[in-house]
Amino acid sequence: MLKKSKTINIGDKIIVVINGEARKLEIVDLPQGDPKSGKISFLSPMAKAILGRHYPERVVVKLPNGKTLECQLLQPML
């Protein structure tokens with residue numbers, strides 16, 4: 001069963017392709033963030049770039065070092 005809304009929100013678990021590699025991410029509240037386990041804070045550059053977006057969509061993430069990273073939002077996870 002897929003999520004009814006295609007809009008990405010805090011608490012969603014998603015699959016994102018970054019540099020050709022699929023990664024599972026969960027957007028969480030600030031104290032729960034743990035990038036090593038795939039949990040990213042809603043305040044992180046990646047989460048800010050994808051919150052409110054839809055599946056499937058390409059997103060450009062602006063990194064703190066001034067570089068950008070392009071990623072593909074594939075699907076929600078249950």
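User: What is the radius of gyration taken over, and what is the globule rule?

Analyst: The radius of gyration is taken over C-alpha atoms. The globule rule is 2.2 Å times the number of residues to the power 0.38.

User: In this predicted model, what radius of gyration does the protein have, and what would a compact globule have?

Analyst: The protein has 78 residues, and a compact globule with that number would have a radius of gyration near 12 Å. The value for the protein agrees with this, since it is 12 Å. Along the principal axes, the C-alpha atoms fill a box of roughly 40 × 30 × 20 Å. The radius of gyration of the protein is 12 Å.

User: What pattern of helices and strands does the protein follow along the sequence?

Analyst: The protein contains 1 helix and 5 strands. Read along the sequence, these elements give β-β-β-α-β-β.

User: Is serine 41 buried or exposed?

Analyst: Serine 41 belongs to strand β3, which covers residues 39–41. Beyond neighbours within four places in sequence, serine 41 is in contact with Val28, Leu30, Gly33 and Ala47. Buried means under 20% relative accessible area. Because the relative accessible area of serine 41 is 12%, this residue is buried.

User: Is glycine 66 buried or exposed?

Analyst: Glycine 66 sits in the loop between β4 (57–62) and β5 (68–77). A residue counts as exposed when its relative accessible area is over 50%. Glycine 66 has 63%, so this residue is exposed.

User: Which side chain of opposite charge is nearest to glutamate 26, and how far away is it?

Analyst: Glutamate 26 is in strand β2, residues 21–28. Apart from neighbours within four places in sequence, its contacts are Gly11, Asp12, Lys13, Gly38, Lys39 and Ile40. A salt bridge needs a side-chain nitrogen of Lys or Arg within 4 Å of a carboxyl oxygen. Glutamate 26 is buried yet has no salt bridge, and the nearest side chain of opposite charge, at 4.4 Å, is lysine 39.

User: How many Å apart are the centres of the positive and negative side chains?

Analyst: There are 13 positive and 7 negative side chains in the protein. The centres of these two sets lie apart by 2 Å.

How values were computed. Residues numbered from 1 in each chain as written. Predicted model: local features only at pLDDT ≥ 70, side-chain atom pairs only at ≥ 80, totals over all residues. Heavy atoms only, no water. Helix = DSSP H or I, 4+ residues; strand = E, 2+ residues; numbered from the N terminus. Buried < 20%, exposed > 50% of the residue type's maximum accessible area, 1.4 Å probe, protein only. Contact = heavy atoms within 4.5 Å. Lys, Arg positive; Asp, Glu negative; His and termini not counted. Charge placed at Lys NZ, Arg CZ, Asp CG, Glu CD.
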